[in-house]
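I opened this notebook to record, step by step, what I looked up in the structure shown below.

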Amino acid sequence: MTTGTAAGIGERFMALTLPNPASSPRQPGDDTAPYHRGMTLPPGSYTEVAVPGRRAGLPARRSIPVMRRRGFLTLTGLAGLALTGCGGAEGNEGNEGTLGFRTPLRIPPLLDPAPGRDGVKRYALRLREGRTELLPGKPARTWGINGTYLGPTLRARRGDRVAMAVTNTLGEASTLHWHGMRLRAAMDGGPHQMIRSGGTWTPEWTVAQPAATTWYHPHPHGKTALHVYRGLAGMFVLDDDESVTLPDTYGKDDVPLIIQDKKFEKNGELDESLGGQFGLLGDDILVNGTYDPFFRVTTTRVRFRVLNGSNARVYNLGFGDDRTFHVVGSDAGLLARPVAVRRVRISPGERFEIVVGFTPREQVVLKGFDGDSEIESGDYDLLNLVAAPRLSPSAPLPGTLVDLNPPHRVGKVRRFRLGGSSINGQDMDMARIDEVVAAGAREIWELDNFTFSHSFHIHEVVYRVLDIDGKRPPEHLRGPKDTVFVPGKTKVRLAVEFGRHTDPTTPYMYHCHILKHEDRGMMGQFVIVPRGTEDSTPRRLALTGHDH
Ligand SMILES: [Cu+2]
């Protein structure tokens, strides 16, 4: 990013807010300060900048209006102010109007093996290095699963017995976590289930949860951001026998959209400088690893399974013509009924299933619109949808989808104070059990975010959002979830349902899904134990060699 001089009238206007270091003393127990812990900053080259400041969460700021446009930032009256490296402002300029939509959307191959004679569905996954032409004509070093970037879409049905063989051919250890899957902690693929370079990990479980769009990605402690950014992620679609009529032909009218922002070097390699208080924010967006994508629509309705697989960026999804579309599912399953919306905000780790209607020959762009959180600014073109001259008629959208019980409102209350990169003032400790939960418990988790935006994920569980700053969430956020956006300075209450797989010595994780925050230690551990044994459960783990 460079600084510049005059900007033309009519360019979009925003406020950069500069903290005044002298007037923002650090309070005891306040961990908003160490954004740049461990970094050495050359004198004079650094100014901490948060964008846009409406919710940035730091006290005593001076607001300075600036003009911006793509690839060019102007600070009126602040010539020479350097913004490189650490500012929250990097990579928020948008890409609106810069794409030609020349590349067919890549659809990850489907991996849905027939059960063996023993009734088990076996999936072979290989973490590997490779080269991928993310930008046309400029192959980049990437990582992938079975391919060179991203992984196959896995599919299974409720009741299926699934067995994974995950082989790590990378030059370093990693893991594979089943985000959204309800299973035993030892099968979860968190930081305690490292797969050494050259090793194979073979978790097995029975799918025992409703239809949902889940996903998988590495979870090595301290390195998740880099491993996901290089390309290790994939979708895991679960079906069940619910008699709903939603589009379900994979790649035709049931289409995965894995949205990820990137920064590229001039030669097309991924820029891996994951700097900034939120980590990397890039202005080039890939959908399923496709740059500049279009998708040819052939039916009157298409179900998109949208996964925000970005390290930090939040997308305020909508369409270029502002059309209404329907949200039919969130992270952990279908909603009670389709909810008509014009915008859906999706933060890292979240999924929404949406159904969009089309007419023949039309074109419309799926976009991420400028929003009011620090990591949601800028207008982004994501995917051009090009309808064929003749469309096959889709079934009408059902009026109702699934029966959802109202969320519980009583239960043990746990409170979590979300800091800059800590929870309850503590960094992740692999040997510390932070919370002990009784099997099958229904609890209320209160997230009190006293800093800037976070995205809060709990492994194993399904939860419902009870309220956001005391207000009932919008209807599309009332369904089953496992990851929730927590804007800065906001309180969110969750009604959490825990599973019944007990293991007092293997923890599950809860953490911020902004991957740099997670890597910096914004993560805690809980175990699920038989009811009545909570108090006698040890709070320290004896870790073995691979656990750190
Ligand atoms: Cu965070």
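**The core**

I began with the largest nonpolar core, where, of 121 residues, Leu257, Ile259, Val287, Val306, Ile354, Leu383 and Leu494 touch the most other members. I take such a core to be a set of buried Ala, Val, Leu, Ile, Met, Phe, Trp, Tyr and Cys residues joined through C-beta atoms within 7 Å. A residue is buried if 20 or more other C-beta atoms, placed from the backbone, lie within 10 Å of its own. Strand S26 (residues 380–392) gives the largest share of this core, 6 residues.

I noted that this is a predicted model, in which local features need pLDDT of at least 70 and side-chain atom pairs count only at pLDDT 80 or more, while totals for chains, interfaces and linings use all residues. Residues are numbered from 1 along each chain as its sequence is written.

Which residues is Val287 in contact with, leaving aside its neighbours within four places in sequence? I found Leu105, Leu257, Ile258, Ile259, Pro293, Leu382 and Leu383, counting a contact when C-beta atoms, placed from the backbone, lie within 7 Å.

**The whole protein**

I then read that buried residues make up 49% of the 548 residues, and that the protein has 2 helices and 35 strands (DSSP runs, H or I of at least four residues for helices and E of at least two for strands, numbered from the N terminus).

I followed an open sheet of 5 strands with mixed pairing, in the order S5-S8-S14-S13-S10, where two strands pair if DSSP finds at least two bridges between them. Strand S5 (110–111) and strand S10 (177–179) each have a single partner strand, so one side of each lacks a neighbour in the sheet.

How values were computed: Buried ≥ 20, exposed ≤ 12 C-beta atoms within 10 Å, placed from the backbone. Contact = placed C-beta atoms within 7 Å.
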